[in-house]
Amino acid sequence: MDWGLILFKTLVFPGITFLLLVIFATFYLERKLVADMHGRTGPYYVGPYGLLQTVADIFKILQKEVIIHREADKLLFLVVPAVAFFMVALVTAFIPYSETLWIVSTPYDLVISLALLTSLPAIFLFAGWVSKSKYPFIGGIRVINQLISGEIPLWLAGLSVALWYGTFNYIEIAQKFDLIGFLVNLVGFAIFLIAILIVADRPPFDIPEAEQEIVYGFLTEYTGVGYLLLAGAKFLEVFVLVAMTVTLFLGGFKGPFLPGWVWFLIKIFAVYYLAFAIRASIPRIRLDQLIKFTWNILVPLALLNIILILVVKAF
Amino acid sequence: MYKGAQIITEPVGKEGDLMVLNWGVQHPASGPMRIKVWLDGETIVKVENDPGYVTRNLEKMLEYRTWENAVVNVERICFIDDLGTLLNWALAVEKLAEVEVPKNVQYFRVILAEVGRIVSHLIGVGGMFGALGVATPMMWVLTLREFYLDFLEHYSGYRISTASIVPGGVRFEPTKEDFELLKKAIEETERRWPEYKEVFKDNPTLVERYKGVGVIPKELVYKLGLRGPVARASGVAYDYRKTYPYSSYEDFDFNIVVKEEGDAYARFLVVLEEIEESVKIIKQAMEGMPEGDKWKVRMPKKIKAGEAFSAVEWARGGIEFFVVSDGGTGPYRVKISAPSFMNIWALEYIAPGHKLADLAAIFASLYICHGDLDR
C-alpha cells in the first residue's frame, strides 16, 4: 500500500483541500448564477470576475468574535459545528471522482453514505437545542420535520438504483451505467432530486432556515468559526448529495474522450445549476404542505418505482 | 384551526404552555416594529402589534414649518411613495388659501402621483414574493422601477423624496426630455409586463401559499376602517380617486380593481393590477395635457385662520390631512390619518390559527409602510 498516495488523497485531492475549494466554488457559483437570473452582476470587485469575494467573506467571518449565549451549553455549543462538519466530510470520502480517484470504496458505499446523511438532522437539531434561543429551537424542530419528509423518499429512490444494478458500490454502479439503466431509473432520478433538495434544506424546501419566518433557524446564534463550520457542513452536504445523484443516476465519471473526473464535475455542475434555477424561481412552501406532498405523492411514487424496477428486472 | 376573523383579548394559555416569540424589531421580515406572537408548536394562537420604533413626531414638526417648506416633512411620511402625500399637502393648503391651480398643473400632478403609485406597487409586488424567500421578482421589479426613478431624477433632481409637488403648483416646469423619459418608462413597462404577469400571477407555489390565507371579511374592513388595496381586495370598492375625485381625476378613464376573496392572494392581485390602471392614467394624462405655461401660482405667505380637510388615494390607501391655520406663516396643527396604521390592526384578527410560516406572508400582503405606520 502506497502511504504517500493515500496521504495525498486525504489531504489534497479529493480530500480536505479539495473540499474547501468545493465550498468556495459552489458559494461563488451560486452567487454568480443566481445573480444572473436576477438580472444582477453578482460578485465583481474582489479578484478577477469577483472570484476572491467568497475568500474575503470567509476570512471576514473568521475574524468575528465567537459569541456564546449566556444560557447556552458552552461545550456542546462549540462541539456541534465541528461534529457536523466532520460527519459530512466523512461521506465525501466515498465519492468516486474517477475509476481510481477515491479515498474509500467498500461493498456498502451507498448504505453507509445514506446512514451518515440521515444522522445529520439530529446534529442540526442539537445545534438548535443547545443554542437555548427561540428561533434556533424552532429551526431545530423544523429540521426533524425535514427528516420525516425527506429521508424516506431519499432512501427508497437511492436503494432502487442498487436494486437495479445489484450492488451498493458506487464505482460498480457507475461502471454498469448505460442508457437502459438511465431510462429505468428516470422516475427514481426525479424523486431523488426532490429529496436531496428537501434533505439539504435547499429552496423551495428551506423551511428550517426560512429567513422571513425564523431568521436563520438553528444557525441564528452561531458566529465566527462555529457558523463557518455549520454553514460549510451545509454546503458540503449539498455537494455530497449532488455527487450521489450524479453517481447513481447519471453515470458518475463515465463519459467519452475526457478524463473521468472532468465528466464528473461537469455533471455535478449541471445538477447544481438546476438547484440554483429552482432557488431563483420557486417560493418557499409551508411545513404542513411539505409533509402532505412527500407522504401523499413522493413516498407512494417511490414505492411504485421500486415495484417497476423489480418488474423490469424480472423480464 | 382557523375559525375566521377573530381577536383574542384575554390572556392565553398557562405559563410555560405557549412560546412567546418576539417577531421583530430585529427580524429580517418585520421591519422596525415588533409583533408579539403566542405560538402553540407552529400554530399562531395570538398576535399583538407593537409599532412605534421609528416615530418621528411628524405632526408636531410640521407646526414649526412654513406652508411651503413643510413638504420636506410631509414627503417623509413614507419615502417609497412620497408624491401622494405631497399632493395631499398641496391640496389641503390650497383649500385653506382658496387658491385654484391651472388644469395643466393638475394633470401633471396626476402623472407624478401615479408614478409614485407605480414605484410603490412594484416594490410591494416584489416584497410579497420576498416574504416567501425568493428574491428574483424583487430584483426584476427594481430594474423596472429604475426607469421611473430616472424620470423623477431628471425632473426634480432626486430619485426618492422629490419635493416636487408644492402648494400652488409643481416645483419645476416639466421639460420635453422629462416626458420622453416617462414615455420610455411606460414603454418598458408595457414591453416587460406580459412576462412579469405570467411569472408573478400564475406562479403555482405563490398561489398555493397565498390563496385562502389571511382572509379579511367585509365586516372587518368596515369595523377597523381598513383602506386601500386591503379594503379593495375584500370587495369594498372605495377609492378616493373615484368616490371624491381631486386634481382632475374625474377626467380619466380607469377602473377600481376590486376582488371579492379578501385573502392574501387577492391583495397581491389588487396591487399587481393597479399598476396597469396607473399606466393607463399616465398615458391619458400625457396625451390630453392641456396647454399652459404657468406651473406655479402665487401662494400667500400667511393664510387666514381656518381649517381644511383633504384626502387622496395614496399607494397604500386613502391618506387624510386635517390642517388648521391660525393666520400664521405655517400650520397651527396638522392631523394625519394614514392607511398603514389602520391596516396593521387587521393582523391581530386574521393571523391566529395560521402557521408561523404564514405570518410573513400575511404581513407582507397587508402592504405596510413603516414610515406611515409610526410617522
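Two strands pair if DSSP finds at least two bridges between them. Strands (E, at least two residues) and helices (H or I, at least four) are DSSP runs, numbered from the N terminus. This is a predicted model, in which local features need pLDDT of at least 70 and side-chain atom pairs count only at pLDDT 80 or more, while totals for chains, interfaces and linings use all residues. Residues are numbered from 1 along each chain as its sequence is written, and chains are lettered from A and ligands numbered from 1 in the order in which they are written.

**Stop 1: chain B as a whole**

Select chain B, which holds 15 helices and eight strands. Its C-alpha trace spans about 65 × 50 × 35 Å along the principal axes. The radius of gyration of chain B, 21 Å, agrees with the value near 21 Å for a compact globule of 375 residues; it is taken over C-alpha atoms, and the globule rule is 2.2 Å times the number of residues to the power 0.38.

Colour by burial next. A residue is buried if 20 or more other C-beta atoms, placed from the backbone, lie within 10 Å of its own, exposed if 12 or fewer, and partly exposed in between. Buried residues are 50% of the 375 in chain B. Two residues are in contact if their C-beta atoms, placed from the backbone, lie within 7 Å. Of the contacts in chain B with a separation of 6 or more, 71% are between residues 24 or more positions apart.

**Stop 2: the sheet β1-β2-β3**

Select residues 19-23 and 43-50 of chain B: these are β1 and β3, the edge strands, each pairing on one side only. They belong to an open, antiparallel sheet of three strands in the order β1-β2-β3. Neighbouring strands here are turned by 20 degrees against each other on average, direction ignored.

**Stop 3**

Now select residues 306-314 and 317-325 of chain B. These strands, β6 and β7, pair in the antiparallel sense over nine bridges, and a hairpin of two residues joins β6(B) to β7(B). Glu313(B) has Gly318(B) in β7(B) as its bridge partner.

Val334(B) in β8(B) is the bridge partner of Val323(B), and Arg333(B) that of Val324(B).

The three strands form an open antiparallel sheet in the order β6-β7-β8. Its edge strands are β6 and β8 of chain B, and the twist averages 15 degrees from one strand to the next. Show α3(B), residues 82-97, as well: this helix packs on the sheet, touching β6 and β7 of chain B, and its direction makes about 155 degrees with that of β6(B). Such angles run from 0 to 180 degrees between N-to-C directions, with axes fitted to C-alpha atoms, for helices over the stretch in contact.

**Stop 4: the side of chain A that touches chain B**

Finally, show both chains. How many residues of chain A are in contact with chain B? There are 23, in contact with 25 residues of chain B. In chain A, α2 (16-38), α11 (211-214), α13 (260-281) and α14 (287-314) each supply at least two residues of this side.
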